[in-house]
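Please read it with the structure open.

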Amino acid sequence: METENARADARPLSLSQRLMQIAGEDGPDRLSFSDLALQLHARAWGGLLVVFAAINVIPLPPGMNIFFAIPLMIVSAQMAFGRARPWFPARIDRRGVSRDELRRLVTKMEWFERRVERLFKPRLASFTGPTATRVIGLVCFILAMFAMLPVVHVAPAAVIVLFGLGLVYRDGALVIAAAVAAVVGAAVAAFLVASGAALVGYIAHRIGL
C-alpha cells in the first residue's frame, strides 16, 4: 500500500493542476504568454497548444477564435522549425492571459482531464521526440489556420488539444490517435466541400446559370 501511495505521490501534476497552481501564484493579474511558457517548463510546447486550442473548443463570442488561433499558429510554426523555446511578438505577448481567464479555462477542462489523465503515460517515445515534435508542429499549424474560421474552428482545435496532451504526457499512442483524428477530419472536410461544390453546380445547372 505504501509503495502504491508513493507512486501516486511521485506522479507529476496534471496539466490542469499545474495551470491552477500558476493561476493562484502571487504576481501581476495578467501573465504574458512568455511567462506562462516559462512556468510550464518542459511542458511548454504541449501546454501552450492545449491552452490556446482548448479556448477555441469552448463557446466564444464571434471573432474571438481568431485571437487565440494566432498564438496557436505562432507556437506551432516555431515547433515546426525546431526552436528550443517559444517566442511571441511583443504586442501579443503583453496581451497574454489573465489569471482569472486561466482559472476559467482550467475549470472547463479539468473534468475531462481528470477522467482520462490516468490513461496517459510515457510510451512510444519516438512519436514525441524532437523530430516528431517538428512534424506535430507542422500539422498543428495547418489545423490552426482552420481554427481561424468561424463555426468550424472547434474540430481542428480539439485535434490540437489531443496533440498537445500527447506532448505534455509524452504519450505516443495519444499522438497517433490525434493523427488519425486529423486525417479523418480532413477527409470529412474534403467530402463536405466537394459535396457542397457539387450541389452548387447542380443548382446552377438546373436554373440555367
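1. The backbone nitrogen of F33 lies 3.0 Å from a polar atom of the D93 side chain, a polar contact (N or O atoms within 3.5 Å; within protein, one able to donate a hydrogen and the other to accept it, with residues adjacent in sequence counting only if both atoms are side-chain atoms). This is a predicted model, in which local features need pLDDT of at least 70 and side-chain atom pairs count only at pLDDT 80 or more, while totals for chains, interfaces and linings use all residues. Residues are numbered from 1 along each chain as its sequence is written, and side-chain values use heavy atoms, with hydrogens and water left out.

2. D93 sits in helix α6, residues 90-95; helices (H or I, at least four residues) and strands (E, at least two) are DSSP runs, numbered from the N terminus. D93 is buried but has no salt bridge, and the nearest side chain of opposite charge, R94, is 7.9 Å away. Buried means under 20% relative accessible area, exposed over 50%, and partly exposed in between (1.4 Å probe, protein chains only). For charge, Lys and Arg count as positive and Asp and Glu as negative, with His and the chain ends not counted. Not counting residues up to four places away in sequence, D93 touches S32, F33, S34 and F88, where contact means heavy atoms within 4.5 Å.

3. What does F33 pair with? F33 and F52 form an edge-to-face aromatic pair, 4.9 Å centre to centre with 85° between the planes. Rings of Phe, Tyr and Trp (its six-membered ring) pair if their centres lie within 6.5 Å; planes under 30 degrees apart count as stacked, over 60 as edge-to-face and the rest as tilted. The pair links distant parts of the chain, with F33 in helix α3 (residues 33-40) and F52 in helix α4 (residues 44-57), 19 residues apart. F33 is buried at 1% relative accessible area, and F52 is buried at 1% as well. Ring pairs join F33, F52 and F88 into a cluster.

4. Another aromatic pair, F120 with Y169, is tilted: 5.2 Å centre to centre and 45° between the planes. F120 is in the loop between α7 (99-116) and α8 (130-147), and Y169 is in the loop between α9 (154-168) and α10 (172-206), 49 residues apart. F120 counts as buried at 7% relative accessibility, and Y169 counts as buried at 9%.

5. The largest nonpolar core has 51 residues, and those with the most contacts inside it are L15, L19, F52 and F163. Such a core is a set of buried Ala, Val, Leu, Ile, Met, Phe, Trp, Tyr and Cys residues joined through side-chain atoms within 4.5 Å. Helix α4 gives the most to this core, with 10 residues. Leaving aside neighbours within four places in sequence, the contacts of F163 include I136, V139, L143 and V175.

6. The structure holds 5 salt bridges, each a side-chain nitrogen of Lys or Arg within 4 Å of a carboxyl oxygen of Asp or Glu. In one of them, E101 meets R30, with the closest N and O atoms 3.8 Å apart. E101 lies in helix α7 and R30 in strand β1 (residues 30-31), so the pair ties together parts 71 residues apart in sequence. E101 is partly exposed at 22%, as is R30 at 36%.

7. R123 and D171 also form a salt bridge (2.7 Å, N to O). R123 is in the loop between α7 and α8 and D171 in the loop between α9 and α10, 48 residues apart. R123 counts as partly exposed at 32% relative accessibility, whereas D171 counts as buried at 0%. Salt bridges with shared partners join R30, R95 and E101 into one network.

8. Two backbone angles deserve a look. H41, in the loop between α3 and α4, has a positive phi of about 55° although it is not a glycine. R170, in the loop between α9 and α10, also has a positive phi, near 55°, and is a residue other than glycine. H41 counts as exposed at 58% relative accessibility, while R170 counts as partly exposed at 36%.
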